[in-house]
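Please open the model in your viewer and keep a selection panel at hand. The tour moves from the whole chain to individual sites.

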Amino acid sequence: MKIRSVNAYQVYDSRGTPTVEAEIELEGGERGHGMVPSGASTGQFEALELRDADPSRFRGKSVFKAIANIYCEIAPALVGWDVRDQSGLDRKLIELDGTPTKSRLGANAILAVSMAAAATAALAQRRPLYDCLGQGRGTLLPLPEIQIVGGGAHAHWRTDVQDFLLVATGAKSFQEVMEITFNVHRAAGDLMAKRGTLYGVADEGGYWPEFSTNEAVLQFMTDAILYAGYTPGRDAAISLDIAASDLYDPQTQRYSFRLEDRSFTSAQFADLQIGWCERYPIVSIEDPMADTDWDGWSAIASALRHRIQLIGDDLFTTNLERIRTGIERNVANAVLIKLNQIGTVTETLAAIDMTQQAGWNPVVSARSGETEDGFISHLAVATNAGQLKVGSFVRGERMSKWNEVLRIERDLGPNARFIGSSILERIAKSGAQGPIELPLEP
Ligand code: 2PG
Ligand code: MG
């Protein structure tokens, strides 16, 4: 299963922004692809996304240099390589680049090839991608976090908090998650229409946030769950991505809510969120504090870690060193996993493994600039990660991921498992004492 050629093209993501697609062709003629997504609220410790920065073309966003790097440097090094050797191939890519943040060749160039290799290997072996990636061990369908209202960098700061998400905590199957989400999503639309604020969608397909405070959205989410006929906290609950690094000024060490013209010390910002957890059915918070505010993370973790899931996204950037530090300092209990934050499939698998070994939850995630590539649905099942965050319940680039999980469910047949919100309860019960349970095995 040797690689005959590696090709790359400029294609476009869900924002219409250029991105990289790589295509690997084997000597046997099989061809697989990998498309790279792109963030808007990117963490400062992420691997580098190489863009041309030529203002005369695509407002500086074209990726022709990354594509040239694939043709000139990556392809010659990979021709003849056995595509099944993913870890060797990824190691080669890392070596070729030679920088800690993949800034020479570009993490977008490297990841496109890494994903294309995984896809091609599966195709050539006539195995589904999740089966190949997980070496036959992946059977757990993920519990989705689905965006109802999008704010922050994804909606021109109409709210400060970035993601208001729904978790169908009462669902007994993945298909029931889809139904509960459909009902609450539509109910939220009905309520917005009644208020006269149904204006459109944010970057990830969530409703455009027309609210006068951030907290008002929490009440709205609770109302939407009720309006759909469910019990908040039992059938469906709220998950937040505060994306607090975007609200933090390292100089003053304060967090700001521009919408409300308020600012907070780190301790006050933690208290605000602790209060929200007392008043609303919140089961998970991502990036409650900024990626440099480790003390703030420690403070909020000691208050909330036993009760809810606390996910580090910008804090960890899917980076093994940062995750290890977070585990040692015990500042969270979950890690957001994004392939393009680190730049290869192998390093992403290692990040998930480290997270699970610590008894923490990995949450596989899309980016705000997505593609139609269903890779992350396979990644979530392959690793028994247990959770998947993809944005809303509209728009093709989001629905393609949920639909892909449905396909995987059919493919797994009776082997498919769904443990729903017990993945959240497990983490809340685990407390602060380090490893409590090893990765879920079939
Ligand atoms: C996040 C993601 C997805 P972005 O912060 O978790 O919601 O956003 O891709 O813009 O970083
Ligand atoms: Mg985030």
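What percentage of the 442 residues in the chain do buried residues make up? They make up 63%, where buried means under 20% relative accessible area, exposed over 50% and partly exposed in between, with a 1.4 Å probe and protein chains only.

Two conventions apply throughout. This is a predicted model, in which local features need pLDDT of at least 70, side-chain atom pairs count only at pLDDT 80 or more, and totals for chains, interfaces and linings use all residues. Residues are numbered from 1 along each chain as its sequence is written, chains are lettered from A and ligands numbered from 1 in the order in which they are written, and side-chain values use heavy atoms, with hydrogens and water left out.

**Select the whole chain**

A cartoon display shows 14 helices and 14 strands; these are DSSP runs, helices (H or I) of at least four residues and strands (E) of at least two, numbered from the N terminus. The radius of gyration is 21 Å, close to the 22 Å of the globule rule for 442 residues, so the chain is as compact as a globular protein of that length. The radius is taken over C-alpha atoms, and the rule is 2.2 Å times the number of residues to the power 0.38. Along the principal axes, the C-alpha atoms fill a box of roughly 60 × 55 × 45 Å.

**Select ligand 2**

The magnesium ion (ligand 2) is coordinated by Asp-241 (OD), Glu-286 (OE) and Asp-313 (OD), at 2.0 to 2.2 Å. Asp-241 belongs to strand S6 (residues 237-241), whereas Asp-313, 72 residues apart from it, sits in the loop between strand S11 (309-312) and helix H9 (320-329). Donors are N, O and S atoms within 2.8 Å of the metal (3.2 Å for Na, K and Ca); water is not among the atoms, so sites may look incomplete. Both Asp-241 and Asp-313 are buried.

**Select Thr-317 and Thr-318**

Phi is positive in each: near 45° for Thr-317 and about 55° for Thr-318. Thr-317 is buried at 0% relative accessibility, and Thr-318 is likewise buried at 0%.

**Select Val-363**

Val-363 lies in strand S13 (residues 361-365) and is buried, with a relative accessible area of 0%. Beyond its neighbours within four places in sequence, Val-363 has contacts (heavy atoms within 4.5 Å) that include Glu-145, Ile-311, Val-335 and Lys-389. Pro-144 is 219 residues from Val-363 in sequence, yet their C-alpha atoms are 9.1 Å apart.
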